[in-house]
Amino acid sequence: MSFAIQALTRSLNVFHVAGSACNNCDIEILDVLTPRYDVERFGITLVGSIKHADVLLLSGIFNKKSAVRLKHLYEQAPKPIVVVGIGGCPATGLMFRDSYNWDVPPGEYIPIDAYVGGCPPKPEAMISAIVKLIGKLRGG
Amino acid sequence: MYYGDIIVQYLVFPGMLFTAVVGLVTSWIDRKVTARVQMRVGPPFLQPFYDIVKYMIKETTVPAGAPAWLFLSAPLIGLAAVSAASTILWRALMVPSETFAGDLIVLIYLLTMPALAVILGSFASCNPLASVGGSREMKLVMGYELPFVLAALVPVIHAQSIRMGDILSASPAVAAPSGVLALLVAMLCMQAKLTLVPFDAPEAETELTGGAYIEYSGPPLGLFKLTRAMMLFTMPMFLVALYCGGIRFGTGWLDIVLGILKYVGLVVVIVLIRNTAPRMRIDQAVKFFWGPVTVVALAAVVLAFMGW
């Protein structure tokens, strides 16, 4: 494992995109950053600009209009970038599946590397996902 | 001195490499103390180094319509300036008899350059939020430079010389009441120079989402972060040299430990201010610097002239 990959996996800057989420996943994402879980221990910080990001977090469903913005964000992001879908919505749409603004899952627009299931997923589930993702990035 | 010697001093010790390593360690102290204040565990010791290496392997994006040469050279200007400032400062600390006349003025100029680099980079990035950040940074520079130069005059008056070497050899300025006032003013200006809370309006992450740095990615962003970390080392060290007698080499290890303790003390004060203060609006910050801070700095200069 090269030092570069080690540095990347030990210093993940996270950019968070909420589609039409019901906000529960967003609250749980913030919980991961609070003193109780404190993911800065692993070098994970939340950033405000996509240009600074290494991880793109999606929550909620993306309708036809917001999907265009999501594609723009993904194209603007400096590579390598990892895309993670938080909660069941980015994967299946869950309870929004039959609503008028449901189109297709965001995985149809941009490649998603990992999904964290749950409605909403617990902070422990997200940390477990981070650990698995880092393992995958390191080729383990 | 040979040219090769100058280049080695600029690039390795006490210039770029040394300043970068100590600056990154200082930024770890900053993050760790912040985490402890917020009752968190905080990042591991090597975290700032991982961050910089990570930025170096990321892709560099240049926004459409931006002048690429200016956008990409702005971080280099800041890095070069802070390295030169650190080299001159450490030469003065190590060999106070060999400095040139007026190096204090050169240092004050060089320490303004990183802020100018941020302004250049933000205006070159064709982003409205970056422009707002850049214009705030410009107002902040105009605000703090006046009291900072006034405060830097106090040790000059005490030492009756504008050479860093003479200021270091004279008795420390904080021994006099005017020196204490000037140190307080300079610490506030340092907080603004480092754009830390309460003077972080240029990059206010809640309103400007990164402000001046918003369009930067990859190596240029890493260089900006590195410059900030190096400023976090150079600025407190500059204040220690100006007001507190600096680090004395060649008189035993006790003096060196004392010098390092002065530096660490200043850094912890910076971090505690940054963790306990709310952000000032830019108009409040400029009023604060041109009002009370300048008055106190003027009072310190008058007191110094009266021999206090």
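I call a residue buried if 20 or more other C-beta atoms lie within 10 Å of its own, exposed if 12 or fewer, and partly exposed in between. By that rule, 50% of the 308 residues of chain B count as buried. A reminder to myself before going on: this is a predicted model.

**Entry 1: chain B as a whole**

I began with the secondary structure of chain B and found eleven helices and zero strands. Reading along the sequence, I noted the pattern α-α-α-α-α-α-α-α-α-α-α.

Next I looked up the dimensions. Along the principal axes, the C-alpha atoms of chain B fill a box of roughly 55 × 45 × 40 Å. I also checked the radius of gyration: a compact globule with 308 residues would have a value near 19 Å, and chain B agrees, with 19 Å.

Then I turned to the contacts in chain B with a separation of 6 or more, and saw that residues 24 or more positions apart account for 79% of them.

**Entry 2: helix 8 and helix 9 of chain B**

The axes of helix 8 and helix 9 of chain B come within 10 Å, and they cross at roughly 170 degrees. Angles over 145 degrees count as roughly antiparallel, and therefore I wrote the two helices of chain B, helix 8 and helix 9, down as roughly antiparallel to each other. Their crossing is right-handed.

Which residues make the contact? From helix 8 of chain B I listed B:Gly179, B:Ala182, B:Leu183, B:Ala186, B:Met187, B:Met190 and B:Lys193. From helix 9 of chain B I listed B:Met235, B:Pro236, B:Leu239 and B:Tyr243. Sorted by class, the residues of this contact between helix 8 and helix 9 of chain B come out as nine nonpolar, one polar and one charged.

In the loop between helix 8 (177-193) and helix 9 of chain B I stopped at B:Thr195. B:Thr195 is not a glycine, yet it has a positive phi of about 40 degrees. Is B:Thr195 buried or exposed? It counts as buried, because I find 23 C-beta neighbours inside 10 Å, and 20 or more is the cut-off.

**Entry 3: where chain B meets chain A**

I then looked at the two chains together. On the chain B side, 25 residues are in contact with 18 residues of chain A. Helix 3 (47-57) and helix 9 (218-243) of chain B each supply at least two residues of the side that touches chain A. Helix 3 of chain B gives the most, with six residues. By class, I noted ten nonpolar, eight polar and seven charged residues on the side of chain B that touches chain A.

**Entry 4: helix 2 and helix 5 of chain A**

The angle is about 70 degrees, and the axes are 9 Å apart. That makes helix 2 of chain A roughly perpendicular to helix 5 of chain A. I noted this crossing, too, as right-handed.

In the contact, A:Glu28, A:Asp31 and A:Val32 of helix 2 meet A:Pro123, A:Met126 and A:Ile127 of helix 5. I sorted the residues of this contact between helix 2 and helix 5 of chain A into four nonpolar, no polar and two charged.

**Entry 5: backbone geometry in chain A**

Most residues other than glycine have a negative phi, and most peptide bonds are trans. With that in mind, I looked for exceptions in chain A.

The peptide bond from A:Lys79 to A:Pro80 is cis, with omega near 0 degrees. I placed A:Pro80 in the loop between helix 3 (64-76) and strand 4 (82-86) of chain A.

The peptide bond from A:Cys119 to A:Pro120 is cis as well, with omega near -10 degrees. A:Pro120 is found in the loop between strand 5 (114-116) and helix 5 (123-137) of chain A.

A:Leu94 has a positive phi of about 45 degrees, although it is not a glycine. I found A:Leu94 in the loop between helix 4 (89-92) and strand 5 of chain A. A:Leu94 counts as partly exposed, because it has 14 C-beta neighbours inside 10 Å.

**Entry 6: A:Asn101**

My last stop was A:Asn101, in the loop between helix 4 and strand 5 of chain A. With 13 other C-beta atoms within 10 Å, A:Asn101 is partly exposed.

What does A:Asn101 touch, leaving aside its neighbours within four places in sequence? I found A:Asn101 in contact with A:Ser20 and A:Asn63. I also noted 9.5 Å between the C-alpha atoms of A:Asn101 and A:Lys65, which are 36 residues apart along the chain.

Technical notes. Residues are numbered from 1 along each chain as its sequence is written. Chains are lettered from A and ligands numbered from 1 in the order in which they are written. This is a predicted model: local features need pLDDT of at least 70, side-chain atom pairs count only at pLDDT 80 or more; totals for chains, interfaces and linings use all residues. Two residues are in contact if their C-beta atoms, placed from the backbone, lie within 7 Å. Helices (H or I, at least four residues) and strands (E, at least two) are DSSP runs, numbered from the N terminus. Ala, Val, Leu, Ile, Met, Phe, Trp, Tyr, Cys and Pro count as nonpolar, Asp, Glu, Lys and Arg as charged, and the others, Gly among them, as polar. Axes are lines fitted to C-alpha atoms, for helices over the stretch in contact, and angles run from 0 to 180 degrees between N-to-C directions. Angles under 35 degrees count as roughly parallel, over 145 as roughly antiparallel, 65 to 115 as roughly perpendicular and the rest as oblique. A crossing is left-handed if the near helix is turned anticlockwise from the far one by less than a right angle, and right-handed if clockwise. The radius of gyration is taken over C-alpha atoms; the globule rule is 2.2 Å times the number of residues to the power 0.38.
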